[in-house]
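I opened a new notebook page for this protein. I wanted to know how one part packs before turning to the whole.

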Amino acid sequence: MPTSPNEALARDIIRAQTGNTFESTAPTHRKRWRLWSAACIAIVLVAAFAQPLLMLIRYAAGSQLYSYILLVPFVSAYLLYLRRNQLPKNYGIDLPLTIVSLAAGLGLRVFVYWLHFVNRVPGDNDYLALLTLSFFCCLAAVGFFFFGRGWMRAAAFPIGFLIFMVPMPDAMADALETVSKYASAEVANFFFHLSGTPFLRSGLIFQLPNITIEVAQQCSGIRSSWVLFMTSILAANLFLKTPWRRFVLVALIIPLAILRNGFRILVIGLLCVNVGPQMIHSLIHRRGGPLFFTLSLIPFLVVLWWLHRGDVRTRQPKSV
């Protein structure tokens, strides 16, 4: 039966509309498939690393140095949420980086098994560091495979922040504590001179009028310094745009941490001299870390404000 030109035109419009709808929904389906596939593989990955991850949670919960690890995944997830509109919507596959990341992750896990096989089992800290780094590499491989290099580049900071889930190896923690201990003793020596308090010093030992104190490993302040370092990296990424300003803020942490530790030694020493030697067992010595950490945030926030202010001025267009 012959059709009128209007009917033919209507059918063509319907076909075109149907085809366009299919073409527009197909990429959406593929994106959803990638998202769900990546989520499923990530769950499988977590299950495969369930034992070391649970050990890490228990270890961090019972450690004064590594308790911050429990917050790192939540911070990383929040950063991804903040950047959700900036992430590329077109996904791809970066096979070379997927292979490299996966090989690194699996290689670390095989290395841990080999250490067990040859009876050279590392300590709990190093064991968890190796396996957590292995998990991080495998997770990166999932990102490169399902989302591609462009998406991973845009999400580099939130994903990279997960590296703080890896506990410091024992050798690294010992080295940082030793350097911080000696540097803090030098600053404390300077502060004692400024205070006019008579004292004698022999290395890490300060002999005050009615007590002798030693700057021990626990006085290094490595935990609060490391958390302050993480805070500076986070603040620099969120509030600063100029690379050199970001570097200045992060580099500030080194002298700030040393000055804080030296000031803490001074305060405890002066309390022992002026109040009594029993102050060496007081809460300000045994539990005073958070207080001095809070005090160190004051100059940190002032410098952050100053750098941010300069950053805003730099980005503002100059009027002619």
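Entry 1: I began with the buried residues of α9. They pack against α3 (72–82), α7 (156–160), α8 (170–195), α10 (243–251), α11 (253–274) and α13 (289–315). I kept in mind that this is a predicted model.

Which residues of α9 are buried? I listed Ile222, Ser224, Ser225, Trp226, Leu228, Met230, Ser232, Ala235, Ala236 and Asn237.

Next I checked the length of α9. The helix runs over residues 222–239, which is 18 residues. At 1.5 Å a residue it should span 26 Å, and I found its end C-alpha atoms 25 Å apart, so the two values agree.

**Entry 2: the whole protein.** I looked up the secondary structure and found 13 helices and three strands. Then I asked why the protein counts as more spread out than a compact globule. Its radius of gyration is 28 Å, while the globule rule gives 20 Å for 320 residues. The computed value is well over the rule, so the protein is more spread out than a compact globule. I also noted the C-alpha trace, which spans about 115 × 70 × 30 Å along its principal axes.

**Entry 3: inside and contacts.** I found that 38% of the 320 residues count as buried. Residues 24 or more positions apart account for 75% of them.

**Entry 4: surface and charge.** I counted 28 positive and 12 negative side chains. The centres of these two sets lie 8 Å apart.

Conventions: Residues numbered from 1 in each chain as written. Predicted model: local features only at pLDDT ≥ 70, side-chain atom pairs only at ≥ 80, totals over all residues. Heavy atoms only, no water. Helix = DSSP H or I, 4+ residues; strand = E, 2+ residues; numbered from the N terminus. Expected span 1.5 Å × (residues − 1). Buried < 20%, exposed > 50% of the residue type's maximum accessible area, 1.4 Å probe, protein only. Contact = heavy atoms within 4.5 Å. Rg over C-alpha atoms; globule rule 2.2 N^0.38 Å. Lys, Arg positive; Asp, Glu negative; His and termini not counted. Charge placed at Lys NZ, Arg CZ, Asp CG, Glu CD.
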